Amino acid sequence: MIYWYHSLYMDDVVAKHPARCKKRVERRRPWKKNYYAVMLAANDANLFEIMGTRQLFFQRYRYLDMYILGLASDYKGAVKLLQRMIEDICREAPEFSPRQYFRKKDFTSKQE
């Protein structure tokens, strides 16, 4: 299941039509548009993952919980979003711990 961060980080392209972009990702239609999602890592040894949404087409991802923090239209935009997220975390909480900063209760499963 896909969970969206309550204040989703977006690049300029996604920010124009966030509901449409979220819907495309949730419906798993990679032929429409490929986005890049910045997510909490599934592996506890890692902090974040950047994944192309075309991968969501595979059945495996229907059974995984994915916590999406940011959505960008290209890979470079996703890297910039990740950089902005880390800067925001360091500004607010000097002791850097993304797993404590982004709590699971801050995510919603329904499109807003």
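A: Let us begin with the aromatic pairs, of which the structure holds two. Rings of Phe, Tyr and Trp (its six-membered ring) pair if their centres lie within 6.5 Å, and planes under 30 degrees apart count as stacked, over 60 as edge-to-face and the rest as tilted. This is a predicted model, in which local features need pLDDT of at least 70 and side-chain atom pairs count only at pLDDT 80 or more, while totals for chains, interfaces and linings use all residues. Residues are numbered from 1 along each chain as its sequence is written, and side-chain values use heavy atoms, with hydrogens and water left out.

Q: How are the rings of Tyr-3 and Tyr-67 arranged?

A: A pair of aromatic rings is described by the distance of the centres and the angle of the planes. The centres of the Tyr-3 and Tyr-67 rings are 4.9 Å apart and their planes are at 10°, so this pair is stacked. Because Tyr-3 lies in strand E1 and Tyr-67 in strand E4, the pair ties together parts that are 64 residues apart in sequence. Helices (H or I, at least four residues) and strands (E, at least two) are DSSP runs, numbered from the N terminus.

Q: Is Tyr-67 buried or exposed?

A: Buried means under 20% relative accessible area, exposed over 50%, and partly exposed in between (1.4 Å probe, protein chains only). With a relative accessible area of 13%, Tyr-67 is buried.

Q: What is the arrangement of the rings of Tyr-36 and Tyr-75?

A: Here the ring centres of Tyr-36 and Tyr-75 are 5.9 Å apart and the planes are at 80°, so the pair is edge-to-face. Tyr-36 in strand E2 and Tyr-75 in helix H3 are 39 residues apart, and the pair thus links distant parts of the chain. Tyr-36 counts as partly exposed at 22% relative accessibility, and Tyr-75 is partly exposed as well, with a relative accessible area of 47%.

Q: Which ring does the charged end of Lys-33 sit over?

A: A charge sits over a ring if NZ of Lys or CZ of Arg is within 6 Å of the ring centre and within 35 degrees of the ring normal. The charged end of Lys-33 sits over the ring of Tyr-35, at 5.6 Å from its centre.

Q: What is the order of the strands in the sheet?

A: Strands of a sheet pair through backbone hydrogen bonds, either parallel or antiparallel. Two strands are counted as paired if DSSP finds at least two bridges between them. In this model, an open sheet of five strands has the order E3-E2-E4-E1-E5, with mixed pairing, and its edge strands are E3 (48-52) and E5, each of which pairs on one side only. E1 and E4 run parallel and are joined by five bridges; among the partners, Ile-2 is bridged to Met-66 in E4, and Met-10 to Leu-71 in E4. E1 and strand E5 (residues 107-108) run antiparallel and are joined by two bridges, with Phe-107 in E5 as the bridge partner of Tyr-5.

Q: Which strands does H3 lie across?

A: Axes are lines fitted to C-alpha atoms, for helices over the stretch in contact, and angles run from 0 to 180 degrees between N-to-C directions; contact means heavy atoms within 4.5 Å. H3 lies across E1, E2, E3 and E4, running at about 160° to E3. Helix H2 (residues 18-26) lies across E1 and E4, and runs at about 150° to E1.

Q: Which residues of the largest nonpolar core touch the most other members?

A: A nonpolar core is a set of buried Ala, Val, Leu, Ile, Met, Phe, Trp, Tyr and Cys residues joined through side-chain atoms within 4.5 Å. Of the 16 residues in the largest core, those touching the most other members are Tyr-5, Leu-40, Phe-48, Leu-69, Met-85, Phe-102 and Phe-107. Strand E1 (2-10), strand E2 (36-40), strand E4 (66-72) and helix H3 (75-92) each supply at least two residues of this core, and H3 gives the most, with five residues. A second, separate core of 15 residues includes Trp-4, Tyr-61, Met-66 and Leu-71.

Q: Where is Leu-69 placed?

A: Leu-69 is in strand E4, and at 0% relative accessibility it counts as buried. Leu-69 and Leu-8 are 61 residues apart in sequence, and 5.6 Å apart in space, C-alpha to C-alpha.
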